[in-house]
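Subject: Structure handover

Dear colleague,

I am passing on the structure that I have been looking through, and below it you will find my notes on what turned up. Please read them with the model open beside you.

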Amino acid sequence: MTPSQYNQRVPRPPENCGLERRATAMELSREITQIAKQSGVQAAYNRLLQAEVALGLRKPSLAIYDHAFHIIGGAQKYGLTMGSALSDVFDVTILANKDIRLEQFEDWYGLDLSRCRVKVIRLPYYEERNAFHIDPAFITRDVVNPFHLVSRESGNYDVFVNNSMNEMVCPLSNISVLICHFPERRPKSYFYAHRYAITICNSRYTAEWIEKRWKFSPQRHLYPPVDMEASGGEFPKKKYVLSVARFEPEGTKRQREMVEAFSTLTREWPDIVRGWKFILAGGSLPNNRYLSELENLVARNAAGSIELRVNIPMAELRSLYQEATLFWHLCGLTRKDPSEVEHFGMTTVEAMQNGSVPIVYDGGGLREIVDHGVNGFRVRSGAELIDYTVRLFLDQGLARELGQAARARAGTFSRATFEMKVRTFFAEVLESYRRAA
Amino acid sequence: MPEQPEHEKTRELAAEIQRLKGELDQKKREIRDLEELIGTAIDREFPCEIGEFSERELADYSRDALGLLKEVAGPPLRPRSVGSRRGILGEPVAFLKRTLKMTRFYVRLLLGDQMRFDQRSAALTEALVVRIGHYGERLELAERRVAAFEESLVILKNRLDDLGSRLDRPPAANDVLPPR
């Protein structure tokens with residue numbers, strides 16, 4: 001934009017704008033030179049960005065970065081929902097490291113991102129290795145930090161939101177926000193989490209581990225947006241027990257333990273279990289050995305009463321949620337590493353939004369979702385899972401009652417609630433940003 | 001001199017901001033070092049708090065540390081022929097090297113015990129890491145067996161309840177939920 005074009009766009013300044021009243025062009029120039037000398041070129045540039053917003057010369061700009069935006073995932077949905085909610089107030093740029101189109105995001109997550117734009121920052125380190133997954137774990141002090149390219153880019157916006165679990169990006173913007181889904185990495189080489197002005201976490205469980213591992217407390221806590229509510233109200237339930245989780249090759253979602261538990265149920269209580277079906281839905285990459293083992297286990301022990309549904313379309317998943325009476329989720333069972341326990345548990349909330357009764361592992365973020373005996377059950381072993389399941393199989397009235405309570409509880413985690421909280425929070429941030437100018 | 005109108009002043013400021021931004025943008029591109037760009041150091045050392053590590057982290061850490069230990073406590077140096085590729089200076093340098101080589105016997109005498117200790121320490125550490133791995137496997141197996149027993153207990157308890165209800169007796173007090 002040329003200066004003349006820019007001048008044509010200049011609106012009347014907002015009232016009580018301190019900078020407008022006191023500064024002349026010459027004074028500003030002097031101030032900028034001084035800042036550049038004392039605090040570096042970036043600080044001077046940031047001052048100009050802030051002045052533009054304070055004078056009302058343009059909309060504030062916000063960039064959301066995730067090194068895994070090209071892969072579908074719950075964490076990515078979190079950041080993009082935030083972007084969508086803020087796109088009327090901010091000029092939103094989605095920063096990715098691999099080619100991705102807005103239409104893909106809209107297809108994957110059903111979000112309106114029409115007012116946002118995508119910018120791809122290629123990282124030569126990963127491009128040269130032809131890596132599809134950008135894994136920061138490869139980066140040690142022995143190599144130049146490839147994410148410095150993203151750090152540099154962050155300095156071109158008023159607000160930079162780092163939505164990825166990648167603390168190797170050093171924020172240079174005036175306002176920097178780190179969204180932490182779990183502090184996987186302990187502070188070591190190229191660790192900049194403490195340089196962000198605001199850290200937002202997705203659950204209290206994550207907050208607790210941020211404090212333990214990073215030695216600071218996150219400023220905000222914002223549960224992820226979950227939008228799996230059935231549009232046509234309540235649906236008649238079928239005798240389905242449902243599990244929805246990725247079939248991870250390491251087996252962290254504990255599908256094997258659930259298949260074994262249901263096999264025990266069918267073997268020990270054939271009369272009670274008759275007519276019930278256990279359906280395990282989830283995504284998987286090709287040549288997944290864990291999935292093959294599960295298929296064999298199902299074929300050997302409970303063919304007919306257990307079904308594996310891999311990479312099914314969204315419509316099918318929705319209808320499974322609507323029909324399932326019970327929902328099982330054991331991620332974290334017998335695991336000792338905190339990162340292997342569910343950090344939040346989006347699929348559990350999705351099931352609850354559809355009135356399924358959750359029976360989940362008693363650990364991690366799941367404790368914040370399910371109130372034991374009020375809107376589901378929390379279990380610590382396969383034995384407890386069996387016990388509570390039998391109880392619900394026998395007492396359909398209890399299952400209905402808990403299902404309704406689960407639906408009510410799940411409303412807390414809706415997309416509308418998330419968007420409202422995001423808008424309120426960023427309005428406060430923006431207000432103090434303008435005032436500070 | 002009359003006071004400049006506010007609107008005019010803002011226009012002037014906007015133009016100046018644009019000019020300065022252009023200049024700074026150029027400077028930003030020229031500065032290659034991130035620390036120079038922001039005028040402060042960003043990297044620092046963090047203490048390694050092994051006491052707080054999870055089992056998985058400890059396993060990774062042990063593997064890496066063992067690798068380094070074995071590398072440091074490597075095999076003793078083999079004797080090599082002495083020479084120099086420096087032109088005129090070559091002869092005196094080779095002479096110096098030969099003299100130093102002659103003292104190697106005494107150096108080895110002094111350092112021999114230390115080298116043997118290093119190598120054996122590395123071997124012992126490796127053995128301990130492997131042994132802990134075996135214990136971990138056995139513990140996991142024991143946990144699985146306990147879980148299976150728990151499952152059997154649940155089955156028995158439910159059967160007992162079932163029998164109790166068939167005999168028209170009040171079932172066991174299992175309606176009280178365990179505390180969470």
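This is a predicted model: local features need pLDDT of at least 70, side-chain atom pairs count only at pLDDT 80 or more; totals for chains, interfaces and linings use all residues.

B:Leu111 belongs to helix α5 of chain B, which covers residues 104-166. Together with B:Val107, B:Leu110 and B:Met115, B:Leu111 makes a nonpolar surface patch of about 380 Å².

Chain B can also be viewed through its domains, where domain 1 takes in residues 13-41 and domain 2 is made of 52-82 + 114-166. If you look for the C-alpha centres of domain 1 and domain 2 of chain B, you will find that they lie 53 Å apart.

Turning to chain A, which residues of strand β8 are buried? Five of the five residues of β8 (residues 240-244) of chain A are buried, so this strand is largely enclosed by the rest of the structure. In a regular strand, side chains alternate between the two faces of the sheet. In β8(A), accordingly, A:Tyr240, A:Leu242 and A:Val244 point one way, while A:Val241 and A:Ser243 point the other way, and all are buried.

The strand β8(A) has pairing partners that you can trace in the model. Five bridges join β8(A) to strand β9 (residues 277-282) of chain A, and the two run parallel; in this pairing A:Val244 stands opposite A:Ala281 of β9(A). With strand β11 (residues 326-329) of chain A, β8(A) also pairs in the parallel sense, here over two bridges, and A:Val241 is found opposite A:Leu326 of β11(A).

Finally, two loop residues of chain A deserve a careful look at their backbone. Most residues other than glycine have a negative phi. A:Lys215, although it is not a glycine, has a positive phi of about 65°, and this residue sits in the loop between α9 (204-214) and β7 (220-221) of chain A. A:Lys215 is partly exposed, with a relative accessible area of 46%. A:Asn311 is likewise not a glycine and has a positive phi, of about 50°, and its place is in the loop that lies between β10 (306-310) and α13 (314-323) of chain A.

With best wishes

Note on methods:
Residues are numbered from 1 along each chain as its sequence is written. Chains are lettered from A and ligands numbered from 1 in the order in which they are written. Side-chain values use heavy atoms; hydrogens and water are left out. Helices (H or I, at least four residues) and strands (E, at least two) are DSSP runs, numbered from the N terminus. Buried means under 20% relative accessible area, exposed over 50%, partly exposed in between (1.4 Å probe, protein chains only). Patches are made of residues with over 30% relative accessible area and no salt bridge: like charges are joined within 9 Å, nonpolar side chains (Val, Leu, Ile, Met, Phe, Trp, Tyr) within 5 Å. Accessible areas come from the Shrake-Rupley method with a 1.4 Å probe; for residues, only the protein chains shown count as cover. A salt bridge is a side-chain nitrogen of Lys or Arg within 4 Å of a carboxyl oxygen of Asp or Glu. Domain bounds come from an automatic or database domain assignment. Two strands pair if DSSP finds at least two bridges between them.
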